[in-house]
Amino acid sequence: MKYVDEFRDGEKARALAEQIRREADPARRYHLMEFCGGHTHAIFRYGIPGLLPENVRLIHGPGCPVCVLPIGRLDMAIALARRPEVILCTYGDMLRVPGSGRESLMKLRAEGTDVRMLYSPADALKIAQQNPDKEVVFFAIGFETTTPPTALVIDQAAKLGLKNFSVFCNHVLTPAAMHAILNTPEADSGALQLDGFIGPAHVSTVIGSAPYEPFPQQYKRPVVIAGFEPLDVLQAILMLIRQLNDGRCEVENEFIRAVSREGNLKAQAAVSRVLELRSSFEWRGLGAIPESALQIRSEYAEFDAEKRFGVEQLHGRENKACECPSILRGVKNPRDCVLFGDPCTPDNPLGSCMVSSEGACAAYYSYGRFSERRIPAEELRA
Amino acid sequence: MSRLNIAKGRVEMVHGSGGRAMAELIEQLFAQAFDNEWLAQGNDQAQFTLPPGRVVMATDSHVVSPLFFPGGDIGSLSVHGTINDVAMSGAKPCYLSAGFILEEGFALADLKRIVDSMAAASKEAGVPIVTGDTKVVERGKGDGVFISTTGIGVVPEGLQLSGDQAKPGDAILLSGSIGDHGVTILSLRENLGFEADICSDSQALHSLVAAMVECVPEIRCMRDPTRGGLANTLNEMAQQSGVGMQLMESRIPVREPVRAACEFLGLDPLYVANEGKLIAICPQERAEELLAVMRAHPQGQDAAIIGTVVEDSYHFVQMETVFGGSRMVDWLNGEQLPRIC
């Protein structure tokens, strides 16, 4: 596959891994957080941890859209879906997440509620046009990558004069969450071991690299923006190690083939035409973060499902033993959770980090169980 | 008896009520297409004698949507699927039965297309459909048509294939590329309109199996990686045999358009369904010979040795990635759903 295989080349990977081993200082440890779930997924799918020396540790950040959505917001979506006139549309990953009382949208669908999985928000518009006697609600979640398509469909719905379409907006912002991670009590007390960030790929194509500039300046944490391919990730790790070794602290861009300093201005304009900052938004694990999410502007209020249906703000019940909050803050490991593996598994997720393949717990469940037990490939070939 | 209006007619409740309309449907649609001496007996059961040997039996229900897809339809699929389940024991499939659940209002023209396709698949495979049943459910209570097929076959002397027979050191072979069927269905279902030449691999594998067991009767086990794909089927076999497995990603054939579609949809081809591929596990010293036999057969041209059975009390399936890293190939968790970003 052109333009993909080049970034998965095993030969180049071995050379890069060797370079990382040579340059990583054995006298120190490197705690690097990949913010984004897309990176977490690539890291496990391509077996990157096995290529790194023992003192380079990857911490899985909160950049998994379904993981950070608080249960209360999901409960609100469930309440919307239960309304007999509503067809609720959302992305596939969202369907399996359990809300309070262990209900998920998937379970609701099995009971006969009209919940539909989308590949693109544009499909929700089509569903609205095909079902004029129904209220079609798009349950929108995600970071800056999925935000422009949501803004565009709202704008389109307005132009088409659609009267039966609205959006339950839960879009959140990456830089705000990074600030929050560095402002937790654990970060203040030094319990958070975090030396640098692997910056998001797709998010950065939209917002550009400039919004990361405060992190080296204010918090002395370097950021290297990286693509989602495995060679991108290895290259970014090497770049972070070099910055830390040299005592440099800056925003570097490994993903220059797609990310510029200012980002995608057209997409940004489309978003700001329709959406605006929320004063505060609740994140799972990180709590309420000021100006960390978007809401629909009052000019487009008729497309705002929260206003249209007068949805009551809900505060869901988390399982008290679930460590998702601390895991999302990077201070605990999935292994530290008493629910991990029994009873919480990807087939029966209790917490959000076990749901998505981008979630740290699901990744650990598949990979961590195995890495402790892994038979080295060299031994097998021998 | 009046003629069915196949071009314009639809399935009605009366077609399942046991009266004359049902007899017409069976006679003019099913019996005519399947046409064989056992059906011609006109009894409620088929009577036959099996060649000597251990008898195997397998059953499979088919509920695919859409009913027609590039490379096949629910009819051919229902024949291939059951023949393959029988054949994975090393058996020669002998007879099939077919049960239909039809939804009121389903177009007779579509039903005829499906039945003709089943008849063609059964004739091509040389495995007749010797008995059947039809029921009709009210509109809204079915999805057009559901087909259940059962197959009977006989295992040749000297074969003892079973999922619990894999032993450390054995070779793992795969008969061809993975993911074709699942990606075809998904791209139609979601209306993604991939123009690329992706089509289902639905096919009956018993002649390939016959060639394989004739040459290497020591094959420990075979299985067709249908739902859950290669990953799930290997995990099942590892669990059943109490062993682990080590795969080499670079050896697993995936056709370029299938890889691209999976990439686009955020799916892993290891978990995507196949309907015309098999996995075989055999002693390492016979692996090259078995591979040569498979490659000499039209259904195994792209066959490959994809890994080795290893000792592992955790029964993990692990894989060396093309990237040079190592990963676990776990059971499929829930449904494979596209990721958000």
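How are H1(A) and H12(A) oriented to each other? The close-up views below begin with that pair, and the model they show is a predicted one.

**View 1. Helix H1 meets helix H12 in chain A.**
Helix H12 of chain A spans residues 230-246, and its axis comes within 10 Å of the axis of H1(A). The two axes cross at roughly 20°. Angles under 35 degrees count as roughly parallel, and therefore H1(A) and H12(A) are roughly parallel to each other. Their crossing is left-handed. On the H1(A) side, look for A:Lys12, A:Ala13, A:Leu16, A:Ala17, A:Gln19, A:Ile20 and A:Glu23. They meet residues of H12(A) that include A:Leu231, A:Leu234, A:Leu238 and A:Arg242. Sorted by class, this contact has 10 nonpolar, three polar and three charged residues.

**View 2. Chain A touches chain B.**
Here 40 residues from chain A and 29 residues from chain B take part in the contact. In chain A, the elements that give two or more residues to this side are helix H1 (10-23), helix H2 (37-45), helix H16 (360-371) and helix H17 (377-381). The chain A side divides into 19 nonpolar, 12 polar and nine charged residues.

**View 3. Helix H2 of chain A is mostly covered.**
Eight of the nine residues of H2(A) are buried. They are A:Gly37, A:Gly38, A:His39, A:Thr40, A:His41, A:Ala42, A:Ile43 and A:Phe44. After H2(A) comes A:Gly47, which has a positive phi near 70°.

**View 4. B:Gly324 is in contact with residues of chain A.**
To find B:Gly324, go to the loop between strand E12 (317-320) and strand E13 (326-328) of chain B. Is this glycine buried or exposed? B:Gly324 counts as buried because 24 C-beta neighbours lie inside 10 Å, and the cut-off is 20 or more. Leaving aside neighbours within four places in sequence, B:Gly324 is in contact with A:Gly10, A:Ala13, A:Arg14 and A:Leu51. A:Ala13 also belongs to the H1(A) residues that meet H12(A). Within chain B, B:Met248 is 76 residues away from B:Gly324 in sequence, yet their C-alpha atoms are 9.6 Å apart in space.

**View 5. An open sheet of four strands in chain A.**
Follow the strands in the order E4-E3-E5-E6; their pairing is parallel. Strand E4 (115-118) and strand E6 (165-171) are the edge strands, each pairing on one side only. From one strand to the next, the twist averages 25°. Strand E3 (residues 86-91) is joined to E4(A) by four bridges, and A:Thr90 stands opposite A:Met117 in E4(A).

**View 6. Two helices lie across the chain A sheet strands.**
Helix H4 (residues 71-82) of chain A lies across E3, E4, strand E5 (135-142) and E6. H4(A) runs at about 140° to E3(A). Helix H7 (residues 147-160) of chain A lies across E5 and E6, running at about 160° to E6(A).

**View 7. Strand E4 of chain B pairs with E6(B) and with E5(B).**
Which sense does each pairing take? With strand E6 (residues 145-155) of chain B, E4(B) pairs in the antiparallel sense over 10 bridges. In that pairing, B:Phe146 is the bridge partner of B:Ile101. With strand E5 (residues 129-137) of chain B, E4(B) pairs in the parallel sense over eight bridges. There, B:Ala98 stands opposite B:Gly132. E4(B) itself covers residues 92-103 and is mostly covered, with nine of its 12 residues buried.

**View 8. Helix H5 packs with helix H8 in chain B.**
Helix H5 (residues 180-189) and helix H8 (residues 256-265) of chain B pack at an angle of about 55°, and their axes are 10 Å apart. That angle makes H5(B) oblique to H8(B). H5(B) passes H8(B) in a left-handed crossing. From H5(B), the contact is made by B:Asp180, B:Val183, B:Leu186 and B:Ser187. H8(B) brings B:Val258, B:Ala261, B:Cys262 and B:Leu265. By class, the residues of this contact divide into six nonpolar, one polar and one charged.

Technical notes
Residues are numbered from 1 along each chain as its sequence is written. Chains are lettered from A and ligands numbered from 1 in the order in which they are written. This is a predicted model: local features need pLDDT of at least 70, side-chain atom pairs count only at pLDDT 80 or more; totals for chains, interfaces and linings use all residues. Two strands pair if DSSP finds at least two bridges between them. Axes are lines fitted to C-alpha atoms, for helices over the stretch in contact, and angles run from 0 to 180 degrees between N-to-C directions. Two residues are in contact if their C-beta atoms, placed from the backbone, lie within 7 Å. Angles under 35 degrees count as roughly parallel, over 145 as roughly antiparallel, 65 to 115 as roughly perpendicular and the rest as oblique. A crossing is left-handed if the near helix is turned anticlockwise from the far one by less than a right angle, and right-handed if clockwise. Ala, Val, Leu, Ile, Met, Phe, Trp, Tyr, Cys and Pro count as nonpolar, Asp, Glu, Lys and Arg as charged, and the others, Gly among them, as polar.
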